[in-house]
Amino acid sequence: MRYISTRGKAPVLSFEQAMLTGLARDGGLYLPETIPTLDADAIRAMRGATYEDVAFTVMKPFIGDTFTDAEFREIIACAYAGFGHDARAPMVQLGPNHFLLELFHGPTLAFKDFAMQMIGQMFQKALSRSGERVTIVGATSGDTGSAAIEAFRGLDAVDVFILFPNGRVSDVQRRQMTTPSEANVHALAVEGDFDTCQAAVKDMFNDFDFRDGVRLAGVNSINFARVLAQVVYYFTSAVSLGAPDRTVSFTVPTGNFGDIFAGYIAKQMGLPIETLVIATNQNDILHRTLETGAYTTEGVKPSISPSMDIQVSSNFERALFYAYEQDGAAVAAEMDSLKATGEFKVSQGAYEALKSTYASGRVSEAQTSAMITRAQAEMGELLCPHSAVGVHVAEAHLGATPMVTLATAHPAKFPAAVEAASGHHPALPPRMADLFDKPERMTELPGDVEAIKAVIRERIGA
Ligand SMILES: *Cc1c(COP(=O)(O)O)cnc(C)c1O
């Protein structure tokens, strides 16, 4: 299996190389040259199988010979062993033909664990084989950083540095980053906002002396290996509702478009998905694009579903690549326009292709809170604000086809917004009840990239 860039000009890579590289050198994102398919019998055979077995069947065709079957099974087993639910991604019913897929039973209580745990194990296996060591640096507004630290803590081929805006993440999110005691974990509390952190990381990737000197690697959601791990739960949930002999739709709370794009891959692999519904909060660039065909950036408005407060949705470039029938030059031209003018207009053909796969909806702050209140009162479900955005949009798309809404985080990760709306304080699961008793360890730094680089160099002795 070979991996190509959405902009058509970067070297073609193996799965292992694409996973360890992240961003392509032409600025594009890596995708498999062809999407492997599973026939109806193969999908039917997933009935009653464990999450881990389905994960193996779905992901194996994408990884080529990067890992042997035995190695890959072991990677999957390690990745999901720390989840707090045997089904890994259990489903509950919200109403007639409406189901909630709970993706928050991982170690940091958000769906990011599904991919990050896999990537941690895959990096470790690949690097221990080559004897290499890498430095992972990431910026986070909360969930990605805690999932990355949890996935990479204690692995000996990796140092992980997470930059987060000092004072601007929730207490639960911060403690998940600052309480792991392993020496390879470095939580950096940076003076400034998320953009300050993100800009510092970009600067490090563009400083080739630094990048090569510390062997920098990235694990943000443009890494295809992360998207791949998320394809699996589309299969497990659809199969439990009768696929491949029954069609299913999904509604996905969306920010960077990674999670919902995994649903597109599942559909191309042969899973009978009718519609993929994009659910956005008030930062609604994707909804507006679906409505008008114009992708026009506006300022980010902070919301109570902060993991979706996104202005430039990186993985949408992958959806465009398929909408433009895999024409990398056309995608590159749109991205150049975005950079120069802050917008681009999707061509008529590409727009129709997008509309045939995706639907969309936008949810205001007041609607999000009202949905949390109503879900608690009428459905007996305490939703996190992101999941509430999803359920609200899904309700407008219910019909004869079963609808699965992805619950992307546990309500206890966003206790203030949940309590304000529902009157219930969401408790942490018992397995992490001691989070607030553990000592914290973090390094406070100014929002100055040279100071941050100096600390990273010093810590790894480069
Ligand atoms: C990251 C995140 C999202 C958005 O996922 P994308 O893949 O960026 O679209 C939604 N909800 C929660 C809780 C998240 O952490």
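The model is predicted, with local features requiring pLDDT of at least 70 and side-chain atom pairs counting only at pLDDT 80 or more, while totals for chains, interfaces and linings use all residues. Residues are numbered from 1 along each chain as its sequence is written, and side-chain values use heavy atoms, with hydrogens and water left out.

UniProt, in an unreviewed entry, lists residues 99-334 as "domain: Tryptophan synthase beta chain-like PALP"; its positions follow the numbering used here, feature names are shortened, and annotations may be inferred rather than shown by experiment. The end C-alpha atoms of this span lie 37 Å apart, and the span is 46% helix and 18% strand, where helices (H or I, at least four residues) and strands (E, at least two) are DSSP runs numbered from the N terminus.

The unreviewed UniProt entry also lists Lys112 for "modified residue: N6-(pyridoxal phosphate)lysine". Lys112 is placed in helix H5, which covers residues 112-130, and it counts as buried because its relative accessibility is 12%; buried means under 20% relative accessible area, exposed over 50%, and partly exposed in between, with a 1.4 Å probe and protein chains only. Leaving aside residues up to four places away in sequence, Lys112 touches Asp143, Thr144, Ala147 and Arg226, contact meaning heavy atoms within 4.5 Å.

H3 itself, residues 51-59, is mostly covered, with seven of its nine residues buried, namely Tyr51, Glu52, Val54, Ala55, Phe56, Val58 and Met59.

His186 lies in strand S7, residues 185-190, and counts as buried because its relative accessibility is 6%. Its side chain is joined to that of Arg459 by a polar contact of 3.0 Å, a polar contact being a pair of N or O atoms within 3.5 Å in which, within protein, one must be able to donate a hydrogen and the other to accept it, and residues adjacent in sequence count only if both atoms are side-chain atoms. Beyond residues up to four places away in sequence, His186 touches Asp159, Val160, Phe161, Ile162 and Arg459.

Finally, the axes of helix H16 (residues 365-379) and helix H18 (residues 415-422) come within 8 Å and cross at roughly 65°, so H16 is roughly perpendicular to H18. Axes are lines fitted to C-alpha atoms, for helices over the stretch in contact, with angles running from 0 to 180 degrees between N-to-C directions; angles under 35 degrees count as roughly parallel, over 145 as roughly antiparallel, 65 to 115 as roughly perpendicular and the rest as oblique. Ser369, Ile372, Thr373 and Gln376 in H16 meet Ala417, Val418, Ala421 and Ser422 in H18.
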